[in-house]
Amino acid sequence: MRASRFFISTLKEAPSDAEIVSHKLMMRAGMIKRLGAGIYTYMPMGLRVIRKVEAIVREEMNRAGAVELLMPVVQPAELWQETGRWNKMGAELMRVKDRHGRDFAIQPTSEEVVTDVARSELRSYKQLPVNFYHIQTKFRDERRPRFGLMRGREFTMKDAYSFDRDVDGLKKSYQAMYDAYVRIFTRFGLEFRAVAADNGAIGGSGSHEFHVVAATGEDALVYCPTSDYAANMEAAEALPVDSTRGAATQALEKTATPGKSKCEAVAELLGLPLARTVKSIVLAVDNEDPAKKEIWLLLLRGDHELNEVKASKIPGLSTYRFANEAEIVEWFGTPPGYLGPIGTKKPVKVVADRTVANMADFVCGANEADFHYTGANWGRDLPEPLVADIRNVVEGDASPDGKGVLAIQRGIEVGHVFQLGTTYSEAMKATYLDEAGKPQPLVMGCYGIGVTRILGAAIEQNFDDRGIIWPTSIAPFEVVLCPMGYDRSEAVKTEIDKLYAQLSEAGVDVVLDDRGERPGAMFADWELIGVPHRIVVGDRGLKDGNIEYQGRRDTEATQVPLAEALAFIQ
Ligand code: ATP
Ligand code: MG
Ligand code: MG
Ligand code: MG
């Protein structure tokens, strides 16, 4: 590619709504362009990365025996009604009507459609197992789209669906996908960790998440450095409370150092970065059923409704349901006078109104007047049962496998594999005929990868103060050739054109910067864009028969004899 014929558009400053480094750098490097909340145009530079991610995913899916098809983005509501998800999914499911007033969903995922394919196409056990996948646009009307491609509303996902005769078959299909995911994330050149995503029955988890390890990740991962134990916080929380309660209290005591507020101590205890993850600590009353006088303590990571809380739909949410007001008083040792009025009319809407960092004295952050307890000052030790309930697992707890102690790190969920069983096939009557000619429900698994999220995750793990540092396998270009005076020096032009031709011929994804930019601006652009290898050709080096090579992480350039340049870069 010649840079003059490509489209490069870099910025000195990131827009103010970009909060995290990957979002800032992707905007500055001209990889994406915002169209609306969580909706982006993938600009030519960003699209090159997406296509490389897709190519690796596709290769490994095919290698694992999955078969590609392409299912529609707009899907009839009837299918979603069959499984009940039309009602169950809530506001995240984007719904549209056609000119006849018929309802459609814009797919957030494709279980319904693939099960519809399966029930008409898979008739005999002889056709099984089979695994269908596609790489397709998804739409989820996320409550808080943020961080650029990391939590978009429109995004690209690879989703695969396996169909087997029985649970044994499903386990094999699942393992094949798990192994493919390990290969995929290894090929991306990213540090990742697979974690159990449910507490599972003995003998293994039925679901795993793949996380790119990054300090800015939204999820807390629990793992044992000296064994294979790894789970996300929700799965790890399912451990018996008694085994960890003591440790939790100890950890709180340890972190409750003078000069540190209680909220900082709790955030630290929970392994949550301040001001990013815990958005609000709320005492809320369930006004839907005022007779019950249910009072909840909510430790929220975002904005949520109490309905969601009660359905336990919020990942990483910690709650404690108080039986009555007296219990609150008992726990906090505070007279009821500190509590605000209890509303009884509207459903409670819990909206985070401040971050933990701002809650210096750990005052609970209720917001809607008359609908929450407000002003509860927790500037005291939290009682032990509460701490244990907030989070069962803390750093240093014994690993459930008895092979060491637990550590916590943060991750970005980039993949998810799930043993679905027969939920969808039973709801949609998707059966095959066994050897005896008897209909049996298809046993399903589903497997997702957040293709566009990978870009953000890769950058969160690989950047410096000059910009992005792409792993070579997914870089927009592998090598950039920078001529010193392309229009001025005949020698430079001849040699760099030759090198460009040779590298292209050899299948290297190379870009020649023939834009005529000055060296400083040219270097700054490619460092921001994150091309992993740079070659500079100038008269001075050529005089000694050399070109200059610098890897994106190198602090200094290396002189390479021109004759060896091709071999060196390959
Ligand atoms: P999250 O917990 O981040 O909301 P999820 O568990 O809802 O993700 P899945 O339904 O498991 O997501 O979808 C499979 C994959 O799609 C996820 O592992 C993630 O990589 C990606 N993904 C999900 N939601 C988004 C989004 N809003 N933007 C970009 N990628 C997403
Ligand atoms: Mg989600
Ligand atoms: Mg998730
Ligand atoms: Mg998931």
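Which residues in H2 meet which residues in H14? Gly46, Val49, Ile50, Val53, Glu54 and Val57 in H2 meet Val451, Thr452, Ile454 and Leu455 in H14 (contact: C-beta atoms, placed from the backbone, within 7 Å). This is a predicted model, in which local features need pLDDT of at least 70, side-chain atom pairs count only at pLDDT 80 or more, and totals for chains, interfaces and linings use all residues. Residues are numbered from 1 along each chain as its sequence is written, with chains lettered from A and ligands numbered from 1 in written order.

H2 and H14 pack at about 115°, their axes 9 Å apart. H2 is therefore roughly perpendicular to H14 (65 to 115 degrees). Axes are lines fitted to C-alpha atoms over the stretch in contact, with angles from 0 to 180 degrees between N-to-C directions. Helices are DSSP runs (H or I) of at least four residues, strands (E) of at least two, numbered from the N terminus.

Helix H1 (residues 21-28) is mostly covered, with seven of its eight residues buried (20 or more other C-beta atoms within 10 Å of the residue's own). Among them are His23, Met26 and Arg28. The cover includes helix H2 (44-63), helix H14 (451-461) and strand S1 (32-36). Just after H1, Gly30 takes a positive phi of about 70°.

The largest nonpolar core has 109 residues (buried Ala, Val, Leu, Ile, Met, Phe, Trp, Tyr and Cys joined through C-beta atoms within 7 Å). Met26, Ala458, Val479, Leu481 and Ile535 touch the most other members. Helix H6 (residues 167-187) gives the most to this core, with seven residues. Beyond four places in sequence, contacts of Ile535 include Val479, Leu481 and Ile569.

Methods. Buried ≥ 20, exposed ≤ 12 C-beta atoms within 10 Å, placed from the backbone. Contact = placed C-beta atoms within 7 Å. Parallel < 35°, antiparallel > 145°, perpendicular 65-115°, else oblique.
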